[in-house]
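Thanks for coming. Please look at the sequence and the model on the screen while I talk.

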Amino acid sequence: MANIKSQKKRNLQNEKARQRHMATKSALKTATKKVQTAVAAGDAEAALTLQRQAARDLDKAVSHGAMHKKTVARKKSRLAKAANAVSA
């Protein structure tokens, strides 16, 4: 455990950020799973709608620093590819 006051504060800040990022990533996993479920069911309209919302949420995660931009780009690409395959 840290003895320095500023390090104690930094540890608390890091823990808060970690909890916030975990919650964000969990929500993104749920959104991704909803898209995959709609794709598996063959519901093109729902898949596209959910895919757009998931892409927005992924972009927000990047802007908040919860995920890396290239990771998000890969995930968005895969979701779009799956959603477009159903609608085609």
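I will go through the helices, then a few residues, then the core and the pocket.

A word on the source: this is a predicted model, in which local features need pLDDT of at least 70 and side-chain atom pairs count only at pLDDT 80 or more, while totals for chains, interfaces and linings use all residues. Residues are numbered from 1 along each chain as its sequence is written, and side-chain values use heavy atoms, with hydrogens and water left out.

Start with helix α1, residues 5-41. Helices here are DSSP runs of H or I with at least four residues, strands are runs of E with at least two, and both are numbered from the N terminus. Helix α1 has 37 residues and spans 55 Å from its first C-alpha to its last, close to the expected 54 Å. That expected span is 1.5 Å times one less than the number of residues. After α1 comes Gly42, with a positive phi near 80°.

Which residues of α1 are buried? They are Ala17, Leu28, Ala31, Val35, Ala38 and Val39. Buried means under 20% relative accessible area, exposed means over 50%, and partly exposed is in between, with a 1.4 Å probe and protein chains only. An α-helix has 3.6 residues a turn, so residues three or four places apart point the same way. The buried residues of α1 pack against α2 and against α3, which is 69-87.

Now some single residues. Val35 sits in helix α1 and counts as buried because its relative accessibility is 0%. Beyond its neighbours within four places in sequence, Val35 is in contact with Ala47, Leu50, Gln51, Ala54 and Leu79. Contact means heavy atoms within 4.5 Å.

Two of those partners deserve a look from their own side. Ala47 belongs to helix α2 and is buried, with a relative accessible area of 0%. Not counting residues up to four places away, Ala47 touches Val35, Ala38, Val39 and Ala83. Gln51 is also in helix α2, residues 44-63. Is Gln51 buried or exposed? It counts as buried, because its relative accessibility is 12%. With residues up to four places away left out again, Gln51 touches Val35, Lys76, Leu79, Ala80 and Ala83.

Compare Thr32, in helix α1. Thr32 counts as partly exposed because its relative accessibility is 26%. Thr32 and Gln53 are 21 residues apart along the chain, and their C-alpha atoms are separated by 9.7 Å.

Next, the core. A nonpolar core is a set of buried Ala, Val, Leu, Ile, Met, Phe, Trp, Tyr and Cys residues joined through side-chain atoms within 4.5 Å. The largest one here has 15 residues, and Leu58 and Met67 touch the most other members. Helices α1, α2 and α3 are the elements that give two or more residues to this core. The largest share, five residues, comes from α1. Leaving aside neighbours within four places, Leu58 is in contact with Leu28, Met67, Val72, Lys75, Lys76 and Leu79.

Last, the largest pocket, which holds about 150 Å³ of space. On a 1 Å grid over the protein atoms alone, a pocket is an open set of points where a 1.4 Å probe fits, with protein on both sides within 12 Å along at least five of seven lines; lining residues have an atom within 4 Å of a point. Grid points are joined across faces, edges and corners, and the volume is the space filled by probe spheres set on the points.

Which residues line the largest pocket? Arg20, His21, Thr24, Ala27, Leu28, Ala31, Asp57, Lys60, Ala61 and His64 do. Helix α1 supplies the largest share of this lining, six residues.

That is the end of the talk.
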